[in-house]
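Please take a moment to look over the sequence and the model before reading on. The briefing below starts with charged side chains and then moves to other parts of the protein.

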Amino acid sequence: KAAAQAQAIVANVESDSIDIVITIDSLPVMVRSLWFGDDPLDVDSAPRRLAEELVRTISSHNDANPETRLSPPLPIHLAGGFPVEELAPVVTQETGHPVVAISPAFPATEGFPASVMAVNLGLAMGR
């Protein structure tokens, strides 16, 4: 919901986890959650690890669902605790998909941390 697109690739990246959701016709068709526990991501490791997991998830979806392939220029929507500017170059290079920050589907006050709150916003928006 937070991506406001019927077909979307969304990733929420935190130091201790990555969550990837693929939606088709506004419904989640693939959800992948990884927890890193005692081996958290840092600003140096996060871009490469996220890119690896996105490539794996997108490939898995495309292999299982050739009728709804996820191909560039479909963007990857990023949210979470890491700045999109730090993640985007590696993710775009490895996946071929452009990267955008999640922006709220409603007006928000300046300074509101929309990309950090994207998961909560999506849940609050409901179906």
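A salt bridge is a side-chain nitrogen of Lys or Arg within 4 Å of a carboxyl oxygen of Asp or Glu. By that rule, and bearing in mind that this is a predicted model, the side chains of Arg32 and Glu53 meet in a salt bridge, with 2.5 Å from N to O. The pair links distant parts of the chain, since Arg32 belongs to strand β3 (residues 27-35) while Glu53 belongs to helix α1 (residues 46-64), 21 residues apart.

**The overall layout**

- The secondary structure of the protein comes to three helices and five strands, and, read from the N terminus on, these elements follow the order β-β-β-α-β-α-β-α.
- The protein has 127 residues, of which 38% count as buried.
- The protein exposes about 7000 Å², and carbon and sulfur atoms supply 54% of that area.
- Among the contacts in the protein with a separation of 6 or more, 56% are accounted for by residues 24 or more positions apart.

**The salt bridges around Glu53**

- The structure holds four salt bridges, and Arg32, Arg49, Glu53 and Arg56 are linked in a network of salt bridges.
- Arg49 forms a salt bridge with Glu53, in which the closest N and O atoms are 3.0 Å apart; both residues lie in helix α1, four residues apart, which is about one turn of the helix.
- Arg56 also forms a salt bridge with Glu53, and here the closest N and O atoms are 2.9 Å apart; Arg56 and Glu53 both lie in helix α1, three residues apart, again about one turn of the helix.

**How open the members of the network are**

- Is Glu53 buried or exposed? Glu53 has a relative accessible area of 2%, and because buried means under 20%, Glu53 counts as buried.
- Arg32 has a relative accessibility of 23%, so Arg32 counts as partly exposed.
- Arg49, with a relative accessible area of 28%, is partly exposed, and Arg56, with a relative accessible area of 45%, is partly exposed as well.

- Which residues form the negative surface patch? The patch is formed by Asp42, Asp44, Glu85 and Glu86.
- Asp42, one of these residues, has its place in the loop between β3 and α1.
- With a relative accessible area of 39%, Asp42 is partly exposed.

**Val91 and its surroundings**

- Val91 is found in helix α2, which covers residues 84-95, and Val91 is buried, with a relative accessible area of 0%.
- Which residues is Val91 in contact with, leaving aside its neighbours within four places in sequence? Val91 is then in contact with Pro47, Leu50, Ala51, Leu54, Ile76, Gly96 and Val99.
- Val91 and Arg49 are 42 residues apart along the chain, and their C-alpha atoms are separated by 9.2 Å; Arg49 is also the residue that forms a salt bridge with Glu53 within helix α1.

Terms used
Residues are numbered from 1 along each chain as its sequence is written. This is a predicted model: local features need pLDDT of at least 70, side-chain atom pairs count only at pLDDT 80 or more; totals for chains, interfaces and linings use all residues. Side-chain values use heavy atoms; hydrogens and water are left out. Helices (H or I, at least four residues) and strands (E, at least two) are DSSP runs, numbered from the N terminus. Buried means under 20% relative accessible area, exposed over 50%, partly exposed in between (1.4 Å probe, protein chains only). Patches are made of residues with over 30% relative accessible area and no salt bridge: like charges are joined within 9 Å, nonpolar side chains (Val, Leu, Ile, Met, Phe, Trp, Tyr) within 5 Å. Accessible areas come from the Shrake-Rupley method with a 1.4 Å probe; for residues, only the protein chains shown count as cover. Lys and Arg count as positive and Asp and Glu as negative; His and the chain ends are not counted. The place of a charge is taken as NZ of Lys, CZ of Arg, CG of Asp or CD of Glu. Contact means heavy atoms within 4.5 Å.
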